[in-house]
Amino acid sequence: MTDRPHASLRRILEDLGSTVLDVAAAPGGLDAEVTGVHIYDPLDELLLPAGGILLAVGVEGAGRIRALLDVAGEAAAVVVKHPVEVDDEIRAAVRRTGTALLGLTRAASWAQVAALVRAMLAEGAFPEPGDEPPDDLFSLANAVCALLDAPVTIEDRSSRVLAYSGRQDEADPGRIETVLGRQVPERYQRMLDERGFFKQLYHSREPIYIELSGESINRAAVAVRSGDEILGSIWVAVREPLTEQRQRALADAAKIVALQLLRERAGADTRRRLRAELLSTVLAGGIDAADAAGRLGVASERLCVLAAQLTGTSEIDSARMESDRQRFCDALALHVGAIHPRAAAALVGSVAYAVLPLRSGGDEETRAVHVAESFLARVGPRHAANVGVGRLAADLSEVARSRADADRALRVLRARGAAGAAAGYTTVHFESLLLQIADVVAAEEQAPTGPYERLLAHDREHGSELAVTLRAYLDAFGDVNAASARVHVHPNTFRYRLKRLTEISGLDLSDADARLSVMLQMRIFGL
């Protein structure tokens, strides 16, 4: 893989356009290199890498803006929502710190702009001045825009925006909302579906013209195909039907976009496999872990491993399942990357692993569990999943242990039948040990012995429930009234059964070791 050039602040502003971000105050030029996007949290220590864009959520007023500029370090820019109060002191702070102050339109959400800029940085759609433009979807969208003299979006089958051209400010509010969210809003998808436009689009090999009502500008659209497979579509905001020449140009553009989508699909698969292999090497903690961590850009000290897995996917076809797993892993990578720039995530088998660096504090596992819970809360409506969290690894040599911890915690959650839960290894340690013992018992084909075996044999032969009675008694710490209520019998009846089971099994309930032995067998062999 070759490193692609980073984006400058100027290029980001040019690509997003003034409908999203504008410059409230700048230290001079806008050529600062942008390295990432970060969310400001007033309750957390501000550790902002050089070149970061800081999204100042909830910050308003000249005084608070000045204070944030002073502590932003070598940030490329601080972003606040309009209206932005700019006075002479703020201008002086901008010049002094070298950090630009940007204004975000009221219509845009912080989540949208964060995802948009991160996607732009990840896609590397920023050539250096004088370089040849990259052969990517954004370049193709701009080329189609120039051919048709109208703003263009390229979308996948789920109406997610893969790329868009310039001049989006010439389109309608629906298009601007689509570009900001990188997704056609559900209400527009529903309208197009109800009016049969999607069916018409995917059944036609030629561009179609769609007349929209209200303030919306009409659309010309064409399906992007590879043989009979629909890869996506191109949408053009136009006020009148395309001429025959422009229709041919749009149809030809769809063929070029199809080739690029296929190349990007192959490239993305290769990059994901490489990333998964590198992260697997880090998780193994062997002699190659340091080199793999360096290639991934992962921190090498004070790491927690998170193991995340979807639940309830047994009835989904294999292709859909793999797609869901990859989207889930991508969401995890975005989530941990927003917390720390040197975090990483990749899909290994059916489990999405993340390596999360944590600062010192003594409660690292608890904080990692909170990160996992926050992630599950965000993806919950789309993905039901569990996350296991390993103990802190002081360095790469201990990452394998943290990964094993995370796998064991995840297994405990599966054994519980949980969904949408996160657990740290130390909180489920005993349950994990019991599962490991059960594995040994199953591998060696061992069976219950002693008093417990005699009780089970009696229950099988006579249809009695003496083992259930014993379990209720032990779970209630010997409280007969509580135990009898649990199995819905009279206390006297319960006492009779208790006496009967001790006679049959030979179990001495006054012996602590005997009680422990039978309780462990119940947990290992089941009841």
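**Cysteines**

I started with C304: its sulfur sits 18 Å from the closest cysteine sulfur, the one in C329, so that gap is too far for a bond. This is a predicted model, and I read everything below with that in mind. For a disulfide I wanted two cysteine sulfurs within 2.5 Å. I then searched the whole structure and got zero disulfides.

Next I looked up how accessible two of the cysteines are. C304 comes out at 0% relative accessibility, so I put C304 down as buried. C145 has 5%, and because the cut-off for buried is under 20%, C145 goes down as buried too.

**Helix α12**

I checked the length of α12, which runs over residues 364–379. Then I asked myself which residues of α12 are buried. My list reads E364, E365, R367, A368, V369, V371, A372, F375, L376 and V379. I note that E364, E365 and R367, which are among the buried ones, count as charged.

**Cavities**

How many cavities of 30 Å³ or more are there? I got two. The largest cavity holds about 210 Å³ of space. I found 16 residues lining the largest cavity, and the closest to its centre are T178, V184, Y188, L192 and R219. As for where the lining comes from, β8 (152–156), α6 (173–181) and α7 (186–194) each give at least two residues. I sorted the lining of the largest cavity by type and wrote down seven nonpolar, five polar and four charged residues.

Methods. Residues numbered from 1 in each chain as written. Predicted model: local features only at pLDDT ≥ 70, side-chain atom pairs only at ≥ 80, totals over all residues. Heavy atoms only, no water. Buried < 20%, exposed > 50% of the residue type's maximum accessible area, 1.4 Å probe, protein only. Helix = DSSP H or I, 4+ residues; strand = E, 2+ residues; numbered from the N terminus. Expected span 1.5 Å × (residues − 1). 1 Å grid on protein atoms, 1.4 Å probe; cavity = no way out; pocket = protein on both sides within 12 Å on 5 of 7 lines; lining within 4 Å. Points joined across faces, edges and corners; volume = space filled by probe spheres on them.
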